[in-house]
Amino acid sequence: MKILVTGGAGFIGSHIAETYLEDGHEVVIVDDLSMGKLQNVPNGARFENLDVNSDEFVQFIFNEHFDVINHHAAHMELRVSVEKPVHDASVNIIGSLRLLEAARRSGVQHVILASTTAVLGEFVDLPATEDHPVRPIAPYGVSKRAMELYAEYERLVHGLSVTILRYTNVYGPRQNPNGESGVIAIFLEKFLQGAIPTIHGDGLQERDYLHVYDVACANRAALIARPQGIYHVCSDSKASVNEVVDMLRETLGTDSKVVYGPAKAGDPARTRGSHKAFTEATQWRPSTSLKEGIQETAKWFQAK
Ligand SMILES: NC(=O)c1ccc[n+]([C@@H]2O[C@H](COP(=O)([O-])OP(=O)(O)OC[C@H]3O[C@@H](n4cnc5c(N)ncnc54)[C@H](O)[C@@H]3O)[C@@H](O)[C@H]2O)c1
């Protein structure tokens, strides 16, 4: 199949592109390199530097006749989304809407979209299933929810085949340690540099951490089974930020210090999702424990 992976020079998109290449697909990557890096583009993929929120990108979709589009390009810095919600919306809503319309009009067979459990806001029922209330508490969650609604409109009204994957907290090799999300990458980088990282809040906030290898496998499963609508892709396990820090210290053999600072706006107290529906639809399930995943990620950061 000829597959477009947007955001394929970024963290998650580059792993998906690699998985699709391994499976023998023709992979084209579109990324504007605002956060991604050319060195993340896997060998064998074609790269185009384009903004998803542009007429050139829409024309590109029409010219290339893709079988499938996997959309991972996004603005995803939560704090920046609070400061610059218009920028966040222009990429995540308008860019995604342009892609969806062009996909339908150009005859794309299937679209896979990256969403996030940030659309839920505060988690009230854990582990959160797909019918959990949706009340985003930051512009990033609002824009991703709008993307989901446009995708559901394209699917239900126009018959476009769409899978929407809501991830929890993804970590692993190639995650940007200079972003503001991704506590494992940020803390690994700081510990290895001998710097002191800041925990926002008391460190008791619980997260559902999912290794990027498992996310790439979920995108392979979504390509094969093409389940329709919204699915939670998560590990259905929990660890506090303080526990993650302890695992990182153990893995690196260090007793490095951390400091505690104010909690971040728009950061929920607990996140944990249920992948039951996605597992039933595709047979996918996460296979990397947090301990193994941290060890493997630490090796990559040490080698970098
Ligand atoms: N990392 C996580 O924990 C996580 C959790 C839930 C959902 N997601 C979603 O997964 C997707 C990928 O996230 P990631 O962690 O790999 O982030 P990332 O920043 O590494 O990847 C996003 C890529 O999109 C590119 N991009 C941004 N704006 C663009 C534009 N206008 N046109 C073209 N390219 C553009 C960036 O350069 C970057 O390479 C995003 O949609 C994000 O919302 C990530």
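**The sheet and its surroundings**

Analyst: The order β3-β2-β1-β4-β5-β6-β11 describes an open sheet of 7 strands with parallel pairing. Because β3 (46-48) and β11 (229-233) stand at the edges with a single partner strand each, one side of each has no neighbour in the sheet. On average, neighbouring strands of this sheet are turned by 20° against each other, direction ignored. The model is predicted; local features need pLDDT of at least 70, side-chain atom pairs count only at pLDDT 80 or more, and totals for chains, interfaces and linings use all residues. Residues are numbered from 1 along each chain as its sequence is written. Strands (E, at least two residues) and helices (H or I, at least four) are DSSP runs numbered from the N terminus, and two strands pair if DSSP finds at least two bridges between them.

Within the sheet, β4 (residues 68-71) and β5 (residues 110-116) run parallel and are joined by 4 bridges. Asn70 has Ile112 of β5 as its bridge partner.

Helix α4 (residues 85-105) lies across β4 and β5, at about 170° to β4. Helix α1 (residues 11-22) lies across β1 (2-6), β2 (26-30), β4 and β5, and runs at about 165° to β1. Contact means C-beta atoms, placed from the backbone, within 7 Å; axes are lines fitted to C-alpha atoms, for helices over the stretch in contact, with angles from 0 to 180 degrees between N-to-C directions.

Some of these elements also take part in the shell around the ligand: α1, α4, β5 and β7 (169-171) each supply at least two residues. The largest share, 3 residues, comes from α1.

Conventions:
Two residues are in contact if their C-beta atoms, placed from the backbone, lie within 7 Å.
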